[in-house]
Amino acid sequence: MSVCRPSFLASLPFAAALAVLTMAPAQAAGTLTVCTESSPDGFDIVQYESLVTQDAAGLTIYDQLLHFKPGSTEVVPGLAEKWGVSPDGLTYTFNLRKGVKFHATPWFKPTRDFNADDVLFSINRMADKAHPAHGVAKNGYIYWTGMEMSSLVKSVSKVDDHTVRFVLTRPEAPFLANMAMSSIGSISSAEYATQLQKEGKLDLLNTQPVGTGPFVFKSYQKDAVVRFTANAGYWGGAPKVDNLILAITTDPNVRVQKLKAGECLIGTNMKPDTASVFDGDANVQMLRSSPLLTAYISPNNKRKWTSDRRFREALWLAFDKKTYIQSVYGGNAKAAASFLPPGIWSYDAALAERSSPAALDKARALVKASGYDGTELTLVTRIGGSIDGKRAAELMQADWAKIGVKVKVQMMEWGELLKRTGKGEHDITFLSWAGDNGDPDNFFTPNLSCSGVTSGGNKAQWCNKAFEELIATARRTSDAKKRTELYKKAQKLVYDEVALIPTVYPINMTALNRKVSGYVASPFSWNDFRTVSVK
């Protein structure tokens, strides 16, 4: 999932913003206020890929058929309390929980509990282009398409009110993990959708959401705040806070001050260079974790110069990762060679880092061999986020100038960047990818497959037949050892072809007020507030 993340405070000078903070009311009892770095893209989670949207909808408003055990990649029961798989691996039968309630809101009052009809609605609206609710996803279904789910799921049927059956076209080793992903396995209310359809307002699925999750959506003030109340009747046990507030705070300095002032009790995706600010702080600690996360540069493989493998390798060779890690991440990252991060099984530690000062001569020769004529390329970066995108881009710009490659930097709002780069409207961009299900396929298929080009997830616009065959075979294979061999070959092919340029494996930074307990760092970089309490 792309890690990539303005409020009225952020528009003020720093001193004025701090003055506003000191006038804010004290933290309400039973309220968890979280400083986030950008606005969610929307609340119909199956349309989106960013972590900030995951935090605002995926594990708050919605439940999935299956869950991940907090802090791990282990698949555990969710809305499906148990499941069975046929011997040929083509049929999955899910037994659904009974007595699960949908949220009651000012815009919807449910008349029945969650059942199989809701599963069929949620899956079929993504799979069937003729479905009445399919077209409301203006952003498309990035994960469903990018992970080739339409060609995988042959049918989903209702056995009875509390049993559903999926029939697949082929065995798929990551299938259960996929159904635990919020952008695929989240369940919406079919009854609510029917109500909206009658009113001609299906688009409200994205702005007035209804789920079965631990928190009930109350309101959203664009670029400022998202408010939730606890779902007291949540089947998994009521949350330990009465209210959840996501305070959208794009300015990292303001975010630090809000944390120091106690206005926010958690700060997500903190900038690495702010970590030392909390050293010795009696009230706030910085939690460091190493999730399944890879930062990477994505040259557009369909553009004139970046389509040349030699040119892409030159960009990698000239990129000074040592300086980049210190300047952008404050030393809180490790240089990357494989697109897979070290914490995931099948990671190939044998791949060697290419960039070094001694590599500049080779890089210049490769640029010359590519026929590059000095055309200025555009490097697109986001506004806001967990790193200083402008500084990062300017470092790349300076490195590539050393080998004669001209680059201009273009800053862009996060949602717009994802949309435009997904369509291939860029020369070069750089992003991070956080794994969503603990399977290597979750890195490769959304980001590097031909279907990922269609869905908009594959920002490199790279489509390679040999690579497709490797990952397709790996998905059909149940033997972990054989899958590992295939994924190592896939890593090597991505490396050799320079499909993209892995930059670093970042350390994730989460600021926690000492009043907070029960927070568990996720291997997927998202934030789960279900178990969090406030003293």
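Two strands count as paired here if DSSP finds at least two bridges between them. With that in hand, here are some close-ups of this predicted model.

**View 1**
At the E12 end, 6 bridges tie E12 to strand E19 (residues 508-513), and the two run antiparallel. To find your place there, look for Ser 289, whose bridge partner in E19 is Asn 508.

**View 1. Strand E10 and its partners.**
Is E10 largely enclosed or left open? Of its 6 residues, 5 are buried, so E10 is largely enclosed by the rest of the structure. E10 pairs with E1 in the parallel sense, over 6 bridges. Thr 33 has Ile 245 in E10 as its bridge partner. Strand E9 (residues 225-230) is joined to E10 by 5 bridges, and these two run antiparallel. In that pairing, Val 226 stands opposite Leu 246 in E10.

Strand E5 (residues 91-96) and strand E7 (residues 163-168) run antiparallel and share 5 bridges. Asn 95 stands opposite Thr 163 in E7.

In soluble globular proteins, nonpolar side chains tend to be buried together. The largest nonpolar core in this model has 106 residues, and Leu 32, Phe 166, Phe 175 and Phe 444 touch the most other members. Which helix gives the most to this core? That would be H3, with 6 residues. Zoom in on Phe 444 and you'll find contacts with Phe 339, Leu 340, Ser 449, Phe 467, Ile 471, Tyr 487, Ala 490, Gln 491 and Val 494, leaving aside residues up to four places away in sequence. Another core, of 39 residues, lies apart from the largest one; among its members are Trp 305, Leu 377, Ala 392 and Trp 400.

Does the length of helix H17 (residues 465-476) agree or disagree with what its 12 residues should span? At 1.5 Å a residue they should span 16 Å, and the end C-alpha atoms are 17 Å apart, which agrees. Asn 464 caps the N-terminal end of H17, with a side-chain oxygen 3.1 Å from the backbone nitrogen of Ala 466. The buried residues of H17 are Phe 467, Glu 468, Leu 470, Ile 471, Ala 472, Ala 474 and Arg 475. What do they pack against? Their neighbours are helix H15 (441-448), helix H16 (450-455) and helix H18 (480-497).

**View 2. Ala 173 in its loop.**
Ala 173 sits in the loop between E7 and helix H6 (175-178). It is partly exposed, with a relative accessible area of 38%. Not counting residues up to four places away in sequence, Ala 173 touches Ala 474, Arg 475, Thr 477 and Arg 483. Val 226 is 53 residues from Ala 173 in sequence, and their C-alpha atoms are 37 Å apart in space.

**View 3. Asp 528, a buried loop residue.**
Look for Asp 528 in the loop between strand E20 (516-517) and strand E21 (533-534). Its relative accessible area is 8%, and buried means under 20%, so Asp 528 counts as buried. The side chains of Asp 528 and Arg 530 are joined by a polar contact of 2.6 Å. Asp 528 also touches Leu 59 and Tyr 519, again setting aside residues up to four places away in sequence.

Key:
Residues are numbered from 1 along each chain as its sequence is written. This is a predicted model: local features need pLDDT of at least 70, side-chain atom pairs count only at pLDDT 80 or more; totals for chains, interfaces and linings use all residues. Side-chain values use heavy atoms; hydrogens and water are left out. Helices (H or I, at least four residues) and strands (E, at least two) are DSSP runs, numbered from the N terminus. Buried means under 20% relative accessible area, exposed over 50%, partly exposed in between (1.4 Å probe, protein chains only). A polar contact is a pair of N or O atoms within 3.5 Å; within protein, one must be able to donate a hydrogen and the other to accept it, and residues adjacent in sequence count only if both atoms are side-chain atoms. Contact means heavy atoms within 4.5 Å. A nonpolar core is a set of buried Ala, Val, Leu, Ile, Met, Phe, Trp, Tyr and Cys residues joined through side-chain atoms within 4.5 Å. The expected span of a helix is 1.5 Å times one less than its number of residues.
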